[in-house]
Amino acid sequence: MQLLIEAGNTYVKVAQLFDDGNMELLGRYPSGKLEMVLEPLLEKGINRIVFASVGPVEVDNSIQRIAQLANIPVMQVKTLRKDFGVKNAYSEYQYLGVDRWLTLVAIHQELKKDTVIVDIGTALTFDVLSEDGKHLGGWIAPGYQLMMKSVLENTTKVFSDRDHTDTLTFADNTADGLKNGCRAALLGLIEYGLSQARDKLKTEPEVILCGGGVRHLPISWGKHYRHRSELVLEGLALYAKCR
Ligand SMILES: Nc1ncnc2c1ncn2[C@@H]1O[C@H](COP(=O)(O)OP(=O)(O)OP(=O)(O)O)[C@@H](O)[C@H]1O
Ligand SMILES: CC(C)(CO)[C@@H](O)C(=O)NCCC(=O)O
Ligand SMILES: [K+]
């Protein structure tokens, strides 16, 4: 069995990859809790740890150190110029976030179609991938919580309250105005990106939505598209199986 770790800017996700190829999510934890969560997991017959991190180098170091203490081999997955048939669009390829890289690799391995991948976590990322594996580039924008926070922290009279409803209507009060405004910003970016991607690809791309922030998009809008909640971990599983 291998242990897969995806370290993001807010959360760490941990999954088990069994020898039969099945993956099981063990949990999602605040990034600061990594050490506490990891140590007890290493008791149970793990052959290797495969991880990817977009966080500070301290996270990489602490995973390496914990594994070394437990005498378990480690593979850190990093963004490459080309791998698994995917060609990175960045001229300085190593600067593309490894979470984005893993979603590209996972989707190309499975679909080999013109695709748009939208991952909504701390940040929203939008990436375009052609059917022959060429990454055409993408965008980075704030995620829902980050947009909300930046307005709340920089204004006096704007406030928010409980969860938003599913409908995305014009609001007649402050809290709904902020929540729906931030949701519309996510949606507007995706719609504009999609129109640009259609022009570039000259086809209708598949749309893959991933990350916990997808919950902020209206269900009636999102139901037309594929939703893959653990796409980064699926990319990690591919590396764990093949490398
Ligand atoms: N229980 C929840 N209630 C409300 N919103 C949530 C909840 N869980 C996740 N979210 C939303 O999903 C976003 C986080 O998504 P996700 O769990 O994919 O994080 P992440 O992509 O792992 O973050 P990162 O990788 O950047 O650390 C939050 O910003 C929030 O908008
Ligand atoms: C954009 C995030 C934060 C999304 O998790 C991550 O992919 C990242 O840190 N990327 C590095 C910058 C880039 O992708 O160009
Ligand atoms: K993420």
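Reader: Which domains does the domain assignment of the protein chain give?

Author: This is a predicted model, in which local features need pLDDT of at least 70, side-chain atom pairs count only at pLDDT 80 or more, and totals for chains, interfaces and linings use all residues. Residues are numbered from 1 along each chain as its sequence is written, while chains are lettered from A and ligands numbered from 1 in the order in which they are written. Domain bounds come from an automatic or database domain assignment. For the protein chain, that assignment gives domain 1 (2-76) and domain 2 (113-234).

Reader: How many residues does the contact take from domain 1 and from domain 2?

Author: The centres of domain 1 and domain 2, taken over C-alpha atoms, are separated by 28 Å. Two residues are in contact if their C-beta atoms, placed from the backbone, lie within 7 Å. By that criterion the contact takes 9 residues from domain 1 and 5 residues from domain 2.

Reader: Which strands each supply at least two residues of the side of domain 1 that touches domain 2?

Author: Strands here are DSSP runs of E with at least two residues, and helices are runs of H or I with at least four residues, numbered from the N terminus. The strands in question are strand 1 (2-7), strand 2 (11-17) and strand 3 (23-30).

Reader: Why is strand 8 described as largely enclosed by the rest of the structure?

Author: A residue is buried if 20 or more other C-beta atoms lie within 10 Å of its own, exposed if 12 or fewer, and partly exposed in between, with C-beta atoms placed from the backbone. Both faces of strand 8 are covered, with Thr 115, Ile 117 and Asp 119 buried on one side and Val 116, Val 118 and Ile 120 on the other. Strand 8 is therefore largely enclosed, the number of its residues that are buried being 6 of the 6.

Reader: Is Val 207 buried, exposed or partly exposed?

Author: Val 207 has its place in strand 11. Its contacts, leaving aside neighbours within four places in sequence, are Val 116, Val 118, Leu 194, Tyr 225 and Arg 226. Because 18 other C-beta atoms lie within 10 Å, Val 207 is partly exposed.

Reader: At which residue does UniProt place the feature "active site"?

Author: UniProt positions are given in the numbering used here, feature names are shortened, and annotations may be inferred rather than shown by experiment. The residue concerned is found in helix 3 and counts as buried, because it has 26 C-beta neighbours inside 10 Å. Beyond neighbours within four places in sequence, it is in contact with Glu 6, Gly 8, Ala 52, Val 54, Asp 119 and Val 232. In the unreviewed UniProt entry, the feature "active site" is placed at Asp 99.
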